[in-house]
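Please consult the sequence and coordinates alongside the text.

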Amino acid sequence: MVLVGLGAVYAGTDYHLGSLSHMGPGFFPAAVGALLAFVGLLIAVSARAKGAADLGEEEKAPEPGGHSHAFPDLRGSFCILLGILAFLLLGEWGGLLPATFAIVFISALGDRTNTLKQALFLSVSMCVIAVVVFWWALQLQLPLFRWG
């Protein structure tokens with residue numbers, strides 16, 4: 001997250017940044033990139049602190065689901081990467097709504113505590129927010145639906 005955020009800041013500086021009252025085309029990508037990098041740092045710090053606290057615990061038996069801590073759980077990472085890929089493909093070939101639904105639904109399945117019903121509700125909610133924010137308010141030039 002930190003590297004992607006810093007990459008967005010770097011890419012945003014290729015455009016005019018402007019100011020808060022007169023934002024240029026590079027302001028939004030640079031600001032979102034900076035926030036992404038900051039959140040990535042916070043996640044890394046909190047994970048490091050949690051990892052240090054867990055070092056004192058003795059080795060536990062496998063969880064009831066049969067999962068041991070010997071191998072990392074890659075379900076979340078796989079779902080997030082698959083969601084991003086689906087967003088890229090559907091954004092190009094399907095439009096804003098299918099792409100938004102796909103990235104949220106697939107990524108939500110990466111959390112083992114989410115049910116299909118919760119992932120569906122979250123996906124539909126984010127589609128409504130995407131329409132209001134990106135299509136209506138910001139008038140993003142990505143159609144809601146596009147086939148082909």
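The model is predicted: local features require pLDDT of at least 70, side-chain atom pairs count only at pLDDT 80 or more, and totals for chains, interfaces and linings use all residues. Residues are numbered from 1 along each chain as its sequence is written, and side-chain values use heavy atoms, with hydrogens and water left out. The protein has 5 helices and 0 strands, where helices (H or I, at least four residues) and strands (E, at least two) are DSSP runs numbered from the N terminus.

**Overall architecture**

- The order of elements from the N terminus is α-α-α-α-α.
- Of the 148 residues, 21% count as buried; buried denotes under 20% relative accessible area, exposed over 50%, and partly exposed in between (1.4 Å probe, protein chains only).
- The accessible surface (Shrake-Rupley method, 1.4 Å probe) is about 11,000 Å², and 74% of this surface belongs to carbon and sulfur atoms.
- Among contacts (heavy atoms within 4.5 Å) with a separation of 6 or more, 53% join residues 24 or more positions apart.

**Annotated segments**

- An unreviewed UniProt entry lists residues 26-45, 78-107 and 119-138 under "transmembrane region"; such annotations may be inferred rather than shown by experiment.
- Residues 26-45 are 95% helix and 0% strand, with their end C-alpha atoms 29 Å apart.
- Residues 78-107 are 93% helix and 0% strand, and here the end C-alpha atoms lie 9 Å apart.

**Cysteines**

- The structure holds 0 disulfides, a disulfide being a pair of cysteine sulfur atoms within 2.5 Å.
- C79 counts as buried because its relative accessibility is 11%.
- C127 is likewise buried, with a relative accessible area of 11%.

- T100 is located in helix α4, which covers residues 96-108.
- With 8% relative accessibility, T100 counts as buried.
- A polar atom of the T100 side chain lies 2.8 Å from the backbone oxygen of L96.
- Beyond neighbours within four places in sequence, T100 is in contact with F87, M126, C127 and A130.

**Aromatic pairing**

- The whole structure contains 1 aromatic pair, for which ring centres of Phe, Tyr or Trp (its six-membered ring) must lie within 6.5 Å.
- F101 and F105 form this stacked pair, at 5.6 Å centre to centre and 10 degrees between the planes; planes under 30 degrees apart count as stacked, over 60 as edge-to-face and the rest as tilted.
- F101 and F105 are separated by about one helical turn because they are 4 residues apart in helix α4.
- F101 is partly exposed, with a relative accessible area of 27%.

How values were computed:
A polar contact is a pair of N or O atoms within 3.5 Å; within protein, one must be able to donate a hydrogen and the other to accept it, and residues adjacent in sequence count only if both atoms are side-chain atoms.
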